[in-house]
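Please have your viewer ready.

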Amino acid sequence: MRRLTALLITAAVLAASGDALAAGKRIAAKDLVPSPAWDAGDGVPTPAGLFTTENTAVTYRNIEEVLPTRRIAPGASPSPLATAATPLEVHYRFGDATYSIADFVKRTDTTGLLILKGDQILYEGYYQGADPQDLFMSFSVGKSFVSTLVAFALADGKLRSLDDPILGYLPELQGSAYETATIKQVLQMASGTSFIEEYEDKDSDIAAFAAVVAKNHGGLYDLSRSYRGAYPPGERFYYATANTEVLGALVARVTGRSLSAYLSEKLWQPLGAEAAARWLLDAPGSGGRELAGGGLQVRLRDYGRFGLLFANLGRWHGTQLLPAGWVEAATRPADPYVDYGKLQPGYPLGYGYQWWCLPGANRRFTAQGIHGQFILVDPVEKVVVVKLSSWLHAWEDEKEAETYAFFAAVVDAAAR
């Protein structure tokens with residue numbers, strides 16, 4: 001009887017709803033006057049405006065409000081980072097003047113700055129509305145994480161050798177620029193792809209890449225592998241985000257895991273990251289691929305832990321977390337076409353495996369991404385500087401040079 005009563009009540013409610021609609025209680029959708037656009041994004045753009053917004057400081061720490069992401073789970077407890085009793089004081093020379101940390105922050109549009117020596121925080125600051133709980137967009141700093149996943153796949157026996165043709169693992173690359181390229185050559189940005197990465201050119205291939213990201217219908221890997229070769233692999237360096245997308249596909253294929261899951265297992269949990277990171281996807285849901293070329297979102301201190309792992313040559317709290325010798329191989333030029341000063345005329349850096357190599361005795365190196373993202377590492381002094389930024393333009397040469405001058409001064413000050 002009770003069940004029958006419930007059914008009768010439900011039927012009565014549905015009938016009443018139908019009567020209300022029939023009686024014209026609601027305006028038909030076609031007759032509604034258009035409402036103003038909802039304006040509660042607080043400066044976060046639509047996907048189409050992601051790469052052209054002027055409100056970069058807000059946008060680059062709120063990407064998950066614009067596009068879907070996948071979670072990278074941390075471990076049970078974060079690895080400790082002690083805070084120095086007195087923050088490090090740094091003065092650096094650039095051009096004809098001497099500047100302080102406060103000057104550097106302002107002059108280079110910094111949003112987050114972390115200085116580590118060993119496990120000790122010498123300086124930590126958040127700017128332009130940022131705070132310690134924020135996740136900051138990696139852009140191409142994420143390429144150095146993908147390179148590290150290649151190292152883990154190699155150590156796990158999923159890859160036989162970096163000298164293997166990548167086609168042997170991704171046969172769908174047949175006919176593309178990668179048809180005869182080795183894994184190592186792709187890591188070195190020497191695949192020979194015809195993909196053009198010119199951020200100031202709206203017709204550049206990187207603009208097409210950004211459009212695929214904005215549409216969020218998938219297809220980043222297919223776009224990246226669609227380019228034919230412009231020159232033979234291993235002949236010269238040419239920076240192309242398409243290369244890292246292919247490396248991401250390689251790791252996912254040979255491990256049978258998403259990049260997010262593999263990064264969580266092999267790095268985020270053993271490293272003792274303090275917070276879940278997120279990885280931007282090219283489509284919603286389980287079918288979305290991680291934006292391998294630069295879609296990570298990470299806390300400032302966790303970027304620091306990653307840099308510190310490399311400062312320690314892959315060792316973490318007494319355990320060799322990275323394959324022995326990987327850091328040295330990944331952060332030093334191995335061939336003439338990626339040697340110091342050979343990447344492009346007038347540019348002194350070299351290139352390793354998705355890491356930029358700074359000239360000098362201490363073999364310093366850096367992960368770097370557009371709009372001013374850096375993880376700078378001195379493996380001799382065990383100093384790491386994470387500098388996150390909101391540069392309006394994709395790249396600003398003066399601010400890059402000033403960042404290197406600041407880094408050199410930080411290492412000198414920390415070594416005293």
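## Ground rules

Helices (H or I, at least four residues) and strands (E, at least two) are DSSP runs, numbered from the N terminus. Residues are numbered from 1 along each chain as its sequence is written, and side-chain values use heavy atoms, with hydrogens and water left out. This is a predicted model, in which local features need pLDDT of at least 70, side-chain atom pairs count only at pLDDT 80 or more, and totals for chains, interfaces and linings use all residues.

## The second largest cavity

A cavity is a set of points, on a 1 Å grid over the protein atoms alone, where a 1.4 Å probe fits but cannot get out; lining residues have an atom within 4 Å of a point. Grid points are joined across faces, edges and corners, and a volume is the space filled by probe spheres set on the points. Searching the whole structure gives two cavities of 30 Å³ or more.

At least two of its lining residues come from α4 (141-155), and at least two from β14 (365-369). The lining includes Lys143, Ser144, Ala367 and Gln368. By class it splits into four nonpolar, four polar and one charged, where Ala, Val, Leu, Ile, Met, Phe, Trp, Tyr, Cys and Pro count as nonpolar, Asp, Glu, Lys and Arg as charged, and the others, Gly among them, as polar.

## The largest cavity

The largest cavity has about 60 Å³ of space. Its lining is made up of Ala57, Tyr60, Arg61, Thr111, Phe136, Met137, Gln373, Leu388 and Ser389. Five of the lining residues are nonpolar, three polar and one charged.

## Thr366 in strand β14

Strand β14 also contains Thr366, which is buried (under 20% relative accessible area; over 50% is exposed, in between partly exposed; 1.4 Å probe, protein chains only). Its relative accessible area is 0%. Not counting residues up to four places away in sequence, Thr366 touches Trp355, Trp356, Phe374, Ile375, Leu376 and Tyr404, contact meaning heavy atoms within 4.5 Å. A polar atom of the Thr366 side chain sits 3.2 Å from the backbone oxygen of Ile375.

## A kinked helix

Where is helix α9 (residues 259-271) kinked? The kink, of about 40°, is centred on Glu265; the bend at a residue is the angle between axes fitted to the seven residues ending there and the seven starting there. Among the buried residues of α9 are Leu263, Ser264, Lys266 and Leu267. After α9 comes Gly272, with a positive phi near 70°.

Note on methods
On a 1 Å grid over the protein atoms alone, a cavity is a set of points where a 1.4 Å probe fits but cannot get out, and a pocket is an open set with protein on both sides within 12 Å along at least five of seven lines; lining residues have an atom within 4 Å of a point. A polar contact is a pair of N or O atoms within 3.5 Å; within protein, one must be able to donate a hydrogen and the other to accept it, and residues adjacent in sequence count only if both atoms are side-chain atoms.
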